[in-house]
Amino acid sequence: MATADITRTTSAAYVRALPTLSRAAQLIEISPGGITRGIEQLGIEPLAWGRREKHLAAADLLRLAAHLRRTPVEEVAGGLLEDVEREAPAQLSAVSAEVDRFFAALPARRAAEPDEF
């Protein structure tokens with residue numbers, strides 16, 4: 001099940017603006033097979049668009065990036081927003097809001113104790 005609050009009534013334009021599984025693999029810098037395994041491990045349900053293409057919700061992409069630990073989540077988010085700005089600028093605010101919600105939901109980082117260095 002997708003972790004993002006995307007409903008069945010999501011517009012086709014919005015889903016089309018989200019990364020396909022192959023683009024998600026490029027953003028995270030992992031093989032398409034690695035993306036598929038990560039999706040299965042986390043129980044993520046990609047969003048279908050058309051008969052063949054599957055897209056990942058922005059929050060699911062970022063959750064997957066954090067799980068796979070290949071590319072920093074912030075870099076993946078930046079790449080996603082650049083893609084959306086270039087390919088589907090009308091959807092930028094919606095995708096950006098989803099990215100912001102993902103980062104806002106993360107637990108606050110605490111500074112390491114000096115003795116831990």
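Hi everyone, let's start with α6, where Val95, Glu98, Val99 and Phe102 are buried, meaning under 20% relative accessible area with a 1.4 Å probe on protein chains only, while exposed means over 50% and partly exposed is in between. Looking down the axis of α6, those buried residues fall within an arc of 95 degrees, so they line one face of the helix; the arc is taken from the directions from the helix axis to the C-beta atoms. On the other side of α6, Ser93 and Ala104 are exposed.

A quick word on the model: it is predicted, so local features need pLDDT of at least 70 and side-chain atom pairs count only at pLDDT 80 or more, whereas totals for chains, interfaces and linings use all residues. Residues are numbered from 1 along each chain as its sequence is written, and side-chain values use heavy atoms, with hydrogens and water left out.

Helices here are DSSP runs (H or I, at least four residues), numbered from the N terminus. What covers the buried residues of α6? The cover includes α1 (12-17), α4 (58-68) and α5 (73-87), with contact meaning heavy atoms within 4.5 Å.

Now the largest nonpolar core: it has 29 residues, and Ile28, Ile35, Leu61, Leu64, Leu80 and Val95 have the most contacts inside it. Such a core is a set of buried Ala, Val, Leu, Ile, Met, Phe, Trp, Tyr and Cys residues joined through side-chain atoms within 4.5 Å. The most comes from α4, with seven residues.

Last one, friends: Asp83 lies in helix α5 and, at 11% relative accessibility, counts as buried. Leaving aside neighbours within four places in sequence, Asp83 is in contact with Arg23, Leu27 and Ala88.

Notes:
Helix = DSSP H or I, 4+ residues; strand = E, 2+ residues; numbered from the N terminus.
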